[in-house]
Amino acid sequence: MFAHRGASYDLPEHTLAAYLRALAEGADGLECDVRLTRDGHLVCVHDRRLDRTSNGRGLVSARTLAELEMLDFGSWHPGCAPADGDEPPDESHTRLLTLERLLDAVLDAGRPVRLLVETKHPSRYGADVERRLVRMLRRYGLAEPRPDDPVQVTVMSFSPLAVRRIRELAPTLPTVLLLEVLPRWLRLGRLPFGTRIAGPGIGLVRARPQLLPALRAAGNEVYVWTVNEPEDLDLVLTAGVDGIITDRPAQTLARLGR
């Protein structure tokens, strides 16, 4: 079970606090999105624009890391308010999270953690997103996973070309092709560019009941996002999926009896 953008139902998405909460609740893994800043830093932000999840405006890619560090990325969320209502929230609830800080937190967890990193496209920086990601993973010793490594990274994207780039740059890194709609070229569950994990959205799973059996029959693993409702959890468990991505890790774990 993977915490989608951290424990993002309870705390502001992509903040350090949300990820630490998910780890404390017992999530097997975490999911994050990465984008490049104007000066080449990988930051954990989902949207192209800053408007929804910060007090800034404009494109993430047009700002430097220093400019983004000055913004508040958490006060929009009801879970950001301090319990007593007097003190301002800790910066772990509001500060921009870089991928580097997230990797440090995951490595400091002291237990096995799987990290799903989604590269966001289209991007003005194109293939540089994947190049810089692999470069960082190599620096952390995570680009060539071994079975006994406590931290295991998997790279995901909706872009087949991004998935292909990861396969070329780091051939042993697992990759997930994310699916929001069913592409015409997807036949009998076959995925492109050596990818062995499919990542359909729960809406697609509901609309195409034959999809999961076809993907599994073709030898693929399946990770489904974003599974928040009890009936959806029952659906994917019955189908026997390999990964559940959810905004509500504590509730999902409780329903799984863990």
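Predicted model: local features only at pLDDT ≥ 70, side-chain atom pairs only at ≥ 80, totals over all residues.
Residues are numbered from 1 along each chain as its sequence is written, and side-chain values use heavy atoms, with hydrogens and water left out.

**Aromatic pairs**

- There are two aromatic pairs in the structure; rings of Phe, Tyr and Trp (its six-membered ring) pair if their centres lie within 6.5 Å, with planes under 30 degrees apart called stacked, over 60 edge-to-face and the rest tilted.
- Phe 2 and Tyr 223 make a tilted pair, because their ring centres are 5.3 Å apart and their planes sit at 40 degrees.
- Phe 2 is in strand S1 (residues 2–4) and Tyr 223 in strand S8 (residues 221–224), so this pair ties together parts that are 221 residues apart in sequence; strands (E, at least two residues) and helices (H or I, at least four) are DSSP runs, numbered from the N terminus.
- Both Phe 2 and Tyr 223 are buried, where buried means under 20% relative accessible area, exposed over 50% and partly exposed in between (1.4 Å probe, protein chains only).
- Phe 158 and Trp 225 pair edge-to-face, at 5.7 Å centre to centre with 90 degrees between the planes.
- That pair links distant parts of the chain, 67 residues apart: Phe 158 is in the loop between strand S5 (151–157) and helix H5 (160–169), and Trp 225 in the loop between S8 and helix H8 (230–239).
- Phe 158 is partly exposed at 34% relative accessible area, whereas Trp 225 is buried at 19%.

**Around Asp 247**

- Asp 247 is in the loop between strand S9 (243–246) and helix H9 (249–255).
- Asp 247 is buried yet has no salt bridge, and the nearest side chain of opposite charge, Arg 5, is 5.8 Å away; a salt bridge needs a side-chain nitrogen of Lys or Arg within 4 Å of a carboxyl oxygen of Asp or Glu, and charge here means Lys and Arg positive, Asp and Glu negative, with His and the chain ends not counted.
- Arg 248 lies over the face of Tyr 9, 3.8 Å from the ring centre (the cut-offs: NZ of Lys or CZ of Arg within 6 Å of the ring centre and within 35 degrees of the ring normal).

**Around Gly 243**

- Gly 243, in strand S9, counts as buried at 2% relative accessibility.
- Gly 243 and Ile 197 are 46 residues apart in sequence, with their C-alpha atoms 9.8 Å apart.
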